[in-house]
Amino acid sequence: MMQVVELAGREDIARVFVARMRESERSLVECVGAVDPALPRSDKMVIVVSTQLGCPVGCAMCDAGTAYYGNLTAAEIQAQIDLVLREWAGPQASSCRKLKVQFARMGEPALNPAVLAVIVSLAQRQDLPGLMPCIATTAPVAGARWMRELIEVRNRWFGRGRFQIQLSVQSTSEDARDRLIPIAKWTLPELAQFARASTRPSDRKIALNFALAPGIEVSADKLAKLFDPRVCMVKLTPLNPTTRAVQNNLSSSFGPGGEHRVVQLVNDIRRHGFDCVVSTGLPEESEMRTSCGQLARIRGATIHSSEATGIPPQSA
Ligand code: SF4
């Protein structure tokens, strides 16, 4: 029985739902409904859901990875999507041109087989023509079979670029990647091979995600040697000021004095033929802890008490 215990954020930017999925206090998850600041709701809405209770990966910049209590079921993941659709997106979801469902809030989706079942069930929905699932993964070695099955699901059910895969690369140095993502994962050449082998001409390019931090190598030249700009694009984001990031002395290259590095890097990446987007979000969004790895309940962004949510429990 899912029960919303806290709400955070702002209706017009991003709403964070903290929900208890089971009896235990360890079953708290977060899911989010967010707009793209540059677009009206009719053009784009984003739903972000958790796939695990905590996360076994333990990334150095992520508050979700400090504990792990197991996988969520398909019903529990689906319940989060239904909650955000009902309580945040509303009837406009049916006419939204791009309704992204991101499996990216808490948990490593490639370690939970139930995520694939949810994606298949989303493909059956006739009422959401703008639907576009989006997977963000660190590509753990233990999820290699899951990744193959993901491609089969995408190829069977989602055409015309209506599916997005994001790889959390974080650095072009394997040593730095090992520090940031402390789990056995695909190497850079293995990520590049996966992108080459799995992307068809009609598919969206695979996004290579980097949360830029001072002292963490991101080399456009190395990227160009490994990855094919015809099947990969690059997404640069600020490193969020999570509790874990602060503990690990990680800050963001997007802070004061870092502009030069970001501009230079974007130019270098584009010079090598890659599409490169810089996704900074709104300052208010960061403040409200709606970004990935920033758990609202840890950072104290609650704006309504559990008694005030007014959202009745529902079956997961
Ligand atoms: S960033 Fe993602 S994969 Fe890494 S610990 Fe956080 S939830 Fe897990």
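What share of the contacts in the protein chain with a separation of 6 or more is accounted for by residues 24 or more positions apart? In this predicted model, the share is 75%. The protein chain holds 316 residues, and buried residues make up 45% of them. Its secondary structure comes to 10 helices and 13 strands.

In soluble globular proteins, nonpolar side chains tend to be buried together. The largest nonpolar core of this model has 91 residues. Six of its members touch the most other members: Phe 17, Ala 19, Cys 31, Met 61, Val 84 and Leu 191. Helix H1, which spans residues 74-89, gives the most to this core. Its contribution is 8 residues.

Leu 191 gives a view of contacts around one core member. Neighbours within four places in sequence are left aside here. Leu 191 is then in contact with Ala 139, Leu 167, Val 169 and Trp 186.

One of these partners, Ala 139, lies in the loop between strand S8 (131-137) and helix H3. Is Ala 139 buried or exposed? Ala 139 has 22 C-beta neighbours inside 10 Å. The cut-off for a buried residue is 20 or more, so Ala 139 counts as buried. With neighbours within four places again left aside, Ala 139 is in contact with Ala 110, Met 147, Leu 167, Lys 185, Trp 186 and Leu 191. Take Leu 167 from that list. Along the sequence, Ala 139 and Leu 167 are 28 residues apart. In space, their C-alpha atoms are 6.9 Å apart.

The backbone of Ala 139 also deserves a note. Most residues other than glycine have a negative phi. Phi of Ala 139 is near 55 degrees, a positive value in a residue other than glycine. Asn 249 also has a positive phi, near 55 degrees, and is likewise a residue other than glycine. Asn 249 lies in the loop between helix H7 (243-247) and helix H8 (259-271). Asn 249 has 10 C-beta neighbours inside 10 Å, so this residue counts as exposed. Ala 139, in contrast, counts as buried.

Two packed helices are described by the angle between their axes and the distance between the axes. Helix H2 covers residues 114-123, and helix H3 covers residues 144-157. Their axes come within 11 Å and cross at roughly 5 degrees. Angles under 35 degrees count as roughly parallel, and H2 and H3 are therefore roughly parallel to each other. On the H2 side, the contact is made by Leu 116, Ile 119, Val 120 and Ala 123. On the H3 side, Glu 149, Leu 150, Val 153 and Trp 157 take part. The residues of this contact divide into 7 nonpolar, no polar and 1 charged.

Thr 280 and Thr 237 are 43 residues apart along the chain. Their C-alpha atoms are separated by 5.7 Å. Leaving aside neighbours within four places in sequence, Thr 280 is in contact with Pro 238 and Phe 254.

Methods. Residues numbered from 1 in each chain as written. Predicted model: local features only at pLDDT ≥ 70, side-chain atom pairs only at ≥ 80, totals over all residues. Axes fitted to C-alpha atoms, helices over the stretch in contact; angles between N-to-C directions. Helix = DSSP H or I, 4+ residues; strand = E, 2+ residues; numbered from the N terminus. Parallel < 35°, antiparallel > 145°, perpendicular 65-115°, else oblique. Contact = placed C-beta atoms within 7 Å. Nonpolar A, V, L, I, M, F, W, Y, C, P; charged D, E, K, R; others polar. Core = buried A, V, L, I, M, F, W, Y, C linked by C-beta atoms within 7 Å. Buried ≥ 20, exposed ≤ 12 C-beta atoms within 10 Å, placed from the backbone.
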